[in-house]
Amino acid sequence: MNKKSLVEFMSAQAELPKTHVNAALNSLLAIITKRLSEGDQVQLHNLGTFTLSYHPAKEGRNPQTGERILIEGANKVLFKPAKALKEALSN
């Protein structure tokens with residue numbers, strides 16, 4: 001499912017115009033992005049928790065030349081599903 005089909009589905013479910021649903025979804029995504037960039041976690045009831053995890057720099061190798069390279073550290077987004085989501089998917 002992509003964003004367009006998600007907006008269409010949400011619009012039909014909520015009986016709201018697609019423009020309103022699209023604006024609400026864009027706002028939600030912006031808020032989640034902002035809060036994660038500030039180091040906070042975002043917990044959505046019955047869905048799960050988004051958190052930020054830092055992976056430190058490490059040394060790797062170029063597989064073609066064997067040359068050692070430094071892989072920079074980076075923040076990664078982690079998602080832990082809520083119990084209700086896990087249960088809904090297992091049934």
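On a 1 Å grid over the protein atoms alone, a pocket is an open set of points where a 1.4 Å probe fits, with protein on both sides within 12 Å along at least five of seven lines, and its lining residues have an atom within 4 Å of a point. This is a predicted model, where local features need pLDDT of at least 70 and side-chain atom pairs count only at pLDDT 80 or more, while totals for chains, interfaces and linings use all residues. Numbering starts from 1 along each chain as its sequence is written, and side-chain values use heavy atoms, with hydrogens and water left out.

**Stop one: the pocket.** Select Leu28, Leu29, Ile32, Leu44, Leu47 and Phe50, and you have the lining of the largest pocket. Helix H2 (residues 18-37) gives the largest share of that lining, three residues. Helices here are DSSP runs of H or I, at least four residues, and strands are runs of E, at least two, numbered from the N terminus. By class, the lining has six nonpolar residues, with no polar and no charged ones.

**Stop two: helix H1.** Now pick residues 3-14. At the N-terminal end, show Asn2: a side-chain oxygen sits 3.3 Å from the backbone nitrogen of Lys4, capping H1.

**Stop three: the open sheet.** Colour three strands in the order S1-S2-S5; they form an open sheet with antiparallel pairing (two strands pair if DSSP finds at least two bridges between them). S1 (42-44) and S5 (74-81) are the edge strands, each pairing on one side only. Zoom in on S1 and S2 (residues 48-55), joined by three bridges, and find Gln43 opposite Thr49 in S2.

**Last stop: the hairpin.** Select S3 (residues 58-61) and S4 (residues 68-71), which pair antiparallel over four bridges. Gly60 faces Ile69 in S4. Six residues lie between the two strands of this hairpin, and Gly66 in the turn has a positive phi of about 80 degrees.

Note on methods
Polar contact = N/O pair within 3.5 Å; in protein donor to acceptor, adjacent residues only side chain to side chain. Nonpolar A, V, L, I, M, F, W, Y, C, P; charged D, E, K, R; others polar.
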